[in-house]
Amino acid sequence: MKKIILLSCVLLLKTQAGFTQAGMLDVSFNGTGLVHTDFSNSDEDAFAVAVQPNGKILLAGYSMCCSNAEDFAVVRYNADGSLDNTFGSGGKVSTDFNLSPPASTDIAHAIAIQSDGKIILAGQAFNGHANDFALARYDASGNPDNTFGSGGKVITNFGLLENSSLHALMIQPDGKIIAAGSAKSSDDFVLVRYKNNGSIDSSFGNNGIVLTNLNGGDQINAMALQTDGKILAAGRVRNAAWYDSSAIVRYTSNGTIDSSFGVNGRSIHMIGIDAGVESIALQSDGKIVIAGGSNNGSLTTFYVARFNQNGQFDNSFAVNGIATTDFMTGKESFARSVMIQSDGKILAAGTANSNFLTTLSDNNFAMARYLPNG
């Protein structure tokens with residue numbers, strides 16, 4: 001089945017575009033508020049979006065090129081939703097890491113824009129045995145940046161047979177790059193910091209790498225950088241019954257765990273019986289907002305939770321720090337991205353469907369906005 005890159009709710013979440021009526025699709029964007037983009041291949045999917053200072057929009061994921069091989073893919077749109085023909089080929093760029101030809105699997109899960117306009121995609125590339133961390137950097141026109149790694153690409157291998165999954169990317173004010181996800185057979189939280197040229201920054205953690213084993217089945221899905229340079233890594237901790245707890249770990253700027261946060265640097269909570277963290281955002285007052293899907297034993301719903309700066313629940317928010325939203329009786333829903341508006345209201349976007357086991361055609365874009373008190 002062909003997957004089509006869609007731009008609607010994710011874009012709304014990132015751009016906060018103005019509407020004639022709040023919450024309605026902005027029809028000044030491509031005439032409908034929606035954009036579909038085809039790479040003329042059998043399968044495409046998008047996982048990350050970023051907006052440039054000039055209003056142009058970047059969408060990143062993968063495109064299947066041939067023989068079931070998947071490449072990094074990035075598309076750039078003008079602010080009105082039209083493809084930006086000054087970028088790549090007709091607004092599109094694909095990148096093959098070619099680690100295990102002919103059917104390599106290269107998928108971008110995150111995107112970031114540097115202050116100089118260069119674009120970084122981050123995800124994973126299959127080496128023939130397991131997935132490695134993979135990053136690619138492009139100039140503002142979509143050409144590979146040959147000053148980064150080898151031919152614009154960087155691979156980080158945690159062992160030939162050690163599987164890794166990269167889901168979060170962040171650029172520090174000094175230009176250093178942090179990529180995060182899970183790694184090793186124990187599925188640890190992992191962060192890797194790179195210098196601007198793509199080489200690993202040995203001043204961070206253990207020769208540039210930080211591994212944190214919380215319980216096994218651990219994965220970072222999102223990161224945030226505090227104004228004091230401390231790093232928040234959020235994701236899941238999976239127990240023996242394959243249920244997830246939400247997990248936030250705070251690190252100092254050199255990669256050591258900050259013991260003043262939560263319990264020994266960790267804030268881990270069961271939200272319902274199964275709920276990891278998919279996205280994280282920081283309020284202007286330093287409070288921490290996370291979002292994902294919370295299962296209560298029979299139904300999964302949006303959840304948004306807020307923490308104080310010390311990693312404890314903010315009990316002034318919703319009910320004991322947690323807000324849950326059921327879009328429709330019997331509908332499963334799951335938040336995948338969260339952001340804070342300038343007025344303090346919180347936007348969460350994701351998906352809602354009748355059953356997680358149904359086909360993709362039963363999925364719907366879903367968005368909820370919360371008042372600052374939840």
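The accessible surface of the protein chain comes to about 15,800 Å² (Shrake-Rupley method, 1.4 Å probe), and 50% of this surface belongs to carbon and sulfur atoms. Please keep in mind that this is a predicted model, where local features need pLDDT of at least 70 and side-chain atom pairs count only at pLDDT 80 or more, while totals for chains, interfaces and linings use all residues. Residues are numbered from 1 along each chain as its sequence is written, and side-chain values use heavy atoms, with hydrogens and water left out.

**Overall make-up**

- The protein chain has one helix and 25 strands, taken as DSSP runs (helices H or I, at least four residues; strands E, at least two) and numbered from the N terminus.
- Of its 374 residues, 52% count as buried, meaning under 20% relative accessible area with a 1.4 Å probe, protein chains only.
- Among contacts (heavy atoms within 4.5 Å) between residues at least 6 apart in sequence, 48% join residues at least 24 apart.

**A four-stranded sheet**

- An open sheet runs in the order β7-β8-β9-β10 with antiparallel pairing, where two strands pair if DSSP finds at least two bridges between them.
- β7 (106-113) and β10 (153-156) are the edge strands, each with a single partner, so one side of each lacks a neighbour in the sheet.
- Inside this order, β8 (residues 119-126) and β9 (residues 131-138) run antiparallel and are joined by eight bridges.
- G123 stands opposite A134 in β9.

**Around Y243**

- Y243 sits in the loop between β16 (231-238) and β17 (244-251).

Technical notes
Buried means under 20% relative accessible area, exposed over 50%, partly exposed in between (1.4 Å probe, protein chains only).
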